[in-house]
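Please keep the structure in view while going through the numbered points.

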Amino acid sequence: MNNYEQRPIEILLVEDNPGDVKLTREALKENKMANNLHVVGDGEQAMDFLHQSGVYVNKPRPDVILLDLNLPKKDGREVLAEIKEDDDLKQIPVVILTMSQSEEDILTSYDLHANCYITKPLDMNQFIHVVKTINNFWFSIVKLPSK
Amino acid sequence: MTQENEEKLRLILDSTAEGIYGIDMEGNCTYCNRSFLFMLGYGNPEDLIGKNVHELIHHDHLDGTIYPLEACPIFKAITNRECVHSDDEVFWRADGTNFPVEYWAYPQEKGGFVTGAVVTFFDITERKRMEEDYRKSEERSILLADLLEKSSQPFGLRFLDGRMGIFNDAFCKLTGYSKEELSDFDALQLTPPEWLEREKVFFDELKETGQPVHYEKEYIRKDGSHVPIEVLVHLLRDDAGQPKQYYGFFTDITEKKKMDFKLQESLERFRLSEEKLLITDFAFKSSITPQAIVSLDGIITQVNESFVKTWGYDSEDELIGKPISEIHANPNEFDAIISTIKMNGLWIGEYEARKKDGSSFIVLAQKSSVLDQDGKQIAIYTSDTDITARKNAETELKSTLVNLSRSNRDLEQFAYVASHDLQEPLRMVSSYVKLLERRYKDKLDADADDFINFAVDGSVRMQNLINDLLLFSRVHTRGKEFDISNFEEIFDAATKNLGRQVEDTNATITHDPLPTIMADRVQMVQVLQNLISNGLKFHREEEAPRIHVSAKETDDEWIISVQDNGIGIEAQYYDRLFIIFPRLNEKDKYPGTGIGLAICKRIIERHGGRIWLESEPGIGSTFFFTIPRNLENTPGTSEENLLEQL
Amino acid sequence: MTDDSTMRPVDILLVEDNPADIRLTREALKENKIVNTLAVALDGVEAMKYLHKQGKYSKVTKPDLILLDLNLPKKDGREVLAELKQDNNLKRIPVVILTSSQAEEDILKSYNLHANCYITKPVDFDQFLKVVNAIEDFWFTIVKLPPP
């Protein structure tokens with residue numbers, strides 16, 4: 001595949017657990033394709049980032065959002081709903097990446113049009129593997145909408 | 001008295017110049033001499049002897065009043081026994097004329113008694129006249145001297161050696177010295193040294209011709225200041241004819257000089273303004289831009305030649321005096337224009353004009369009001385340019401661009417559809433052959449393997465061709481606006497994309513410092529990647545490929561070169577390289593669709609540059625391409641922009 | 001593979017009109033170890049019937065994943081997608097758009113209609129195999145699918 005455009009992929013990780021943030025970052029480093037990982041710690045910041053408002057006024061629009069469900073200030077479910085109702089934001093693939101295995105959460109997420117739902121494995125190595133697979137699938141196989 | 005003595009006496013008396021006569025106590029003439037007779041116009045002494053001399057010759061005063069005997073001093077001489085003298089009376093001649101006389105009267109005595117008198121006299125006419133002349137001349141001299149003295153015109157006389165002679169108050173004032181100071185003064189001090197030289201000429205002329213000389217010079221006043229003066233110098237000679245003195249009349253011309261200067265300035269200003277007027281008039285008349293002056297109520301008052309010609313008339317006269325509506329295709333337009341000008345002083349716009357023959361054309365006009373010194377509008381000046389040609393060109397250009405744009409879109413669309421429809425069956429062929437390969441690889445013979453390989457290979461090449469065609473068709477329609485692009489970053493991107501190929505061929509790729517240019521970055525990566533890829537592809541068997549990219553700067557463009565040490569290309573093939581689908585080498589040695597260079601050329605041409613190569617078979621090739629440096633001004637940025645601008 | 005992977009056989013609905021492509025997909029899926037049932041609908045109308053369990057489809061199970069081509073006869077893939085994602089019963093089913101179109105408009109439109117992801121069919125078969133494997137890997141071993 002020829003890529004004349006060297007623009008790196010922008011990933012927004014909405015995650016309040018610093019440990020998970022670190023792991024995600026490590027896993028993404030091994031990516032062939034250049035990517036920038038942006039991290040926000042709560043739902044409100046997530047929306048601000050996406051609306052490019054306040055301190056995020058110069059931030060780029062993400063190509064993919066990795067969204068945890070349980071977040072302070074504004075819940076991940078709310079964030080998902082808001083994103084998928086916003087005509088400007090709904091095209092951005094949202095990968096729910098959460099601890100919750102509850103069926104209710106899974107159903108709700110898909111109902112709210114999450115693109116996919118992934119449970120974070122407890123094992124560190126597996127976690128890295130998951131992130132790598134997400135990486136590989138969404139950035140090498142899938143066609144993302146252009147900006 | 002003896003006869004002899006009488007004779008002697010008579011001789012003496014008759015030889016004198018004086019007139020002499022004697023009178024007795026009554027005043028009667030006792031004798032008179034020859035001069036008496038001569039002076040008084042008598043012929044004979046006998047005419048007088050015994051007659052009263054006073055009655056004959058001294059009877060009246062000059063003014064005609066009677067002169068009584070008693071009043072006469074001569075008579076008094078007798079009566080008073082004294083000598084008398086007078087020189088302010090007249091004697092009367094026989095013919096009735098008179099002459100001024102000076103006389104002396106001596107009483108004659110005999111035996112102690114006065115017997116009479118002797119009178120001697122001179123005709124002092126001459127003397128009187130001379131005295132009168134002298135007096136008159138004296139009077140005149142005094143008057144003249146006084147006039148000179150009192151005159152406001154400085155006057156001065158000096159001797160040759162510079163000693164001052166006569167001068168007046170005005171001269172003192174002029175020079176700033178007092179009378180006393182000038183009395184013992186070297187007048188040559190008054191002239192500044194630089195002028196002494198200059199006036200020598202005049203003095204020489206004066207000495208030679210004796211004619212007064214007139215010139216300008218300067219004096220140094222007592223206080224050291226210089227005063228410009230005009231002088232009229234005369235020469236006085238002595239009796240021997242040698243120059244003795246100079247005298248001159250001086251005029252302080254400070255004011256005059258100021259006036260002169262002011263006049264000069266004023267003249268100069270006038271000349272300049274005259275000149276300016278001439279020049280602007282000339283400019284108006286000869287300008288190739290049609291210009292006209294129109295009165296405030298819309299009547300043409302002046303036009304230049306260009307205006308006449310542009311509107312298709314033959315002479316100025318056909319236009320002057322005509323209403324401006326004549327030259328507008330829509331006469332009402334002009335009223336609106338005039339109102340705008342009266343309000344704002346200016347109107348710029350396009351209007352439809354009408355020629356003499358009735359045909360119309362488009363004009364771009366700038367009309368402004370002409371103001372007098374008080375700022376009042378007095379006329380309208382209009383400068384009109386025929387832009388019909390330009391408008392046509394614009395329309396044509398727009399239409400050409402639209403066509404070009406459409407043609408590019410058509411090409412892309414065609415290429416897209418073609419490639420899309422071609423890809424589908426291609427995919428079928430390729431996929432199933434591969435499936436065959438996977439499933440039955442070891443179950444078929446070697447021939448079958450070969451067949452499959454060829455089939456797969458063919459489809460792969462077809463796929464690449466289609467991709468390249470798509471790329472080619474998108475050069476213009478997907479081209480981005482030119483932006484600041486760092487060529488070193490472009491180099492890095494291109495080499496990164498070729499990473500695999502570089503590794504496989506063990507190639508070395510280097511570059512000189514590369515510039516930052518205005519370009520479509522993505523397309524530049526395409527170009528560079530293509531050129532480098534070719535260098536890698538067409539390397540000589542025995543040597544690992546070495547590629548070097550460098551840049552050269554000229555006044556208006558950058559020349560980028562990509563040099564390789566590959567197999568080289570023969571000159572006869574140069575031209576064919578850049579067209580779509582050329583084929584030069586055996587295809588299985590050097591894979592590649594061959595459309596890459598056509599894509600490069602299309603991209604470079606979109607940037608306004610050129611691409612070419614130099615090569616030596618067996619040594620290597622260098623591809624050159626140029627990027628113009630002022631790309632901001634190049635319209636080839638993006639088609640939408642270009643159409644928008646029109 | 002995570003320990004919460006879906007290890008049961010999965011049902012895939014492939015909506016595709018090109019028989020050759022269908023066959024290819026089937027062969028590609030065979031190569032994978034994940035057990036699956038591949039159902040096929042040849043056009044948009046059939047697809048909806050299948051999903052609504054109408055007619056001969058009354059006994060079918062709801063698919064775990066839909067592979068949807070865009071250019072379909074009778075009812076276009078884009079329409080199918082729209083209908084699916086508006087149907088409360090069906091909208092949870094992950095839809096993977098699997099099409100030959102690379103057009104930006106198609107990609108954007110699909111995401112706007114809530115396609116879960118969009119994949120262009122590669123021309124090269126090896127690549128195609130990779131893609132199908134990746135789809136399987138991702139959706140059946142990593143992702144938590146909605147419960148049936």
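**Note on the packing, interfaces and chains**

1. Helix H12 (residues 388-440) of chain B packs against helix H5 (residues 125-142) of chain C at an angle of about 80 degrees, and their axes are 8 Å apart. The axes are lines fitted to C-alpha atoms, for helices over the stretch in contact, with angles running from 0 to 180 degrees between N-to-C directions. H12(B) and H5(C) are therefore roughly perpendicular to each other, a word that covers 65 to 115 degrees, while angles under 35 degrees count as roughly parallel, over 145 as roughly antiparallel and the rest as oblique. The model is a predicted one, in which local features need pLDDT of at least 70 and side-chain atom pairs count only at pLDDT 80 or more, whereas totals for chains, interfaces and linings use all residues. Residues are numbered from 1 along each chain as its sequence is written, and chains are lettered from A and ligands numbered from 1 in the order in which they are written.

2. Which residues make this helix contact? H12(B) contributes Ser430(B), Ser431(B), Lys434(B) and Leu435(B), and H5(C) contributes Phe125(C), Asp126(C) and Phe128(C). Two residues are in contact if their C-beta atoms, placed from the backbone, lie within 7 Å.

3. The contact between chains B and C takes ten residues from chain B and nine residues from chain C. On the chain C side, the elements that give two or more residues are helix H1 (19-30) and H5. That side divides into five nonpolar, one polar and three charged residues.

4. Chain A also meets chain C: 26 residues of chain A are in contact with 26 residues of chain C. On the chain A side, helix H4 (103-111), strand S5 (116-119) and helix H5 (124-141) each give two or more residues. The largest share, six residues, comes from H5(A). The side of chain A that touches chain C holds 13 nonpolar, nine polar and four charged residues.

5. Chain C contains five helices and five strands; helices (H or I, at least four residues) and strands (E, at least two) are DSSP runs, numbered from the N terminus. Along the sequence, chain C follows the pattern β-α-β-α-β-α-β-α-β-α. Of its 148 residues, 45% are buried, that is, 20 or more other C-beta atoms lie within 10 Å of their own, against 12 or fewer for exposed and a number in between for partly exposed.

6. In chain B, five strands form an open sheet in the order S7-S6-S10-S9-S8, with antiparallel pairing; strands pair if DSSP finds at least two bridges between them. Strand S7 (164-167) and strand S8 (213-220) of chain B are the edge strands, each pairing on one side only. The twist averages 30 degrees from one strand to the next. Within the sheet, strand S6 (residues 155-159) and strand S10 (residues 243-252) of chain B pair over five bridges, and Gly156(B) stands opposite Gly248(B) in S10(B).

7. His113(A), with phi near 75 degrees, lies in the loop between H4 and S5 of chain A. His113(A) is buried, with 20 other C-beta atoms within 10 Å. Lys53(C) has phi near 50 degrees, also a positive value, and counts as partly exposed, with 13 C-beta neighbours inside 10 Å.

Conventions
Ala, Val, Leu, Ile, Met, Phe, Trp, Tyr, Cys and Pro count as nonpolar, Asp, Glu, Lys and Arg as charged, and the others, Gly among them, as polar.
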